[in-house]
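Work through the exercises below with the sequence and the model open. Try each task before reading its solution.

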Amino acid sequence: MDNLALYKLSYGLYVLSTTLDDKPFGCIINTAFQITSKPPQIAVSCNRDNFTHDKIVDSKTFAISVLAEDTPPEIFGTFGYQSGRDIDKFAEHEYILGEALSLPIFPNIAVATFECKLVKKMEVGTHTIFIGEVVDCDISRPDADEMTYRYYHEVRNGVAPKNAPTYIEKESANESWECSVCGYVYDEDHPPFEELGDDWVCPVCGATKDLFNKK
Ligand code: FE
């Protein structure tokens, strides 16, 4: 069995978010797809360990911001590789509350946004599939392209977080430096790590150089 076959399935990248008790919660997912058009319903897959997961169960709402190819790496660093249990993910990122359900969305970054009411959930091992009816959606940046998972891997050198359904553990190269935030590995194909300027940041998550560890 060749697990790399799983990379041949197409995905995008999204901030999945909700609001509970007037507090915003969110995480990055790579699985969101339309199920029906009448009414418009969307399914998302979310790891049950994610803080956002439990908040969606309680709020019975979720929003999706479809990330663009030019999404700043800090969005991945905050929403993809950190937990809302530890930090306020929304403190340093600009967002608005949607008009329909007052859910936190990112029209300045995303190409499109959706607000959904939860209509069904299905627990599947490590993940829950949430199905929501779209109550509002908009194209926020008509000239931007949505980021595909392939683009994230190949152009942005993105690495799947351990909670992603597509996460595959892999061997690391020798003499490499690993980002302690997102797992990005800086290897010997690049100029030596020690020679990088102090203003260099992780291309995936925006972490500073001191957050890298030698492997
Ligand atoms: Fe990183």
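**Exercise 1. Find how strands β4 and β9 pair, and over how many bridges.**

Strand β4 covers residues 40-47 and strand β9 covers residues 127-139. They pair in the antiparallel sense, over seven bridges. Two strands pair if DSSP finds at least two bridges between them. Strands (E, at least two residues) and helices (H or I, at least four) are DSSP runs, numbered from the N terminus. Ile42 stands opposite Gly132 in β9.

This is a predicted model: local features need pLDDT of at least 70, side-chain atom pairs count only at pLDDT 80 or more, and totals for chains, interfaces and linings use all residues. Residues are numbered from 1 along each chain as its sequence is written, and side-chain values use heavy atoms, with hydrogens and water left out.

**Exercise 2. Give the strand order of the open sheet and name its edge strands.**

The order is β2-β1-β5-β8-β9-β4-β3, seven strands with antiparallel pairing. The edge strands are β2 (23-29) and β3 (32-37), and each pairs on one side only.

**Exercise 3. Identify the donors of the iron ion and classify their arrangement.**

Start with the donors, meaning N, O and S atoms within 2.8 Å of the metal (3.2 Å for Na, K and Ca), with water not among the atoms. The SG atoms of Cys179, Cys182, Cys202 and Cys205 coordinate the iron ion at 2.3 to 2.4 Å. Their spacing in sequence is C-x2-C-x19-C-x2-C. Next, check the angles: they run from 103 to 115°, so the arrangement is tetrahedral. Four donors count as tetrahedral if all angles lie between 85 and 135 degrees.

Technical notes:
Four donors count as tetrahedral if all angles lie between 85 and 135 degrees; four count as square planar and six as octahedral if opposite donors are over 155 degrees apart and all others between 65 and 115; anything else is irregular.
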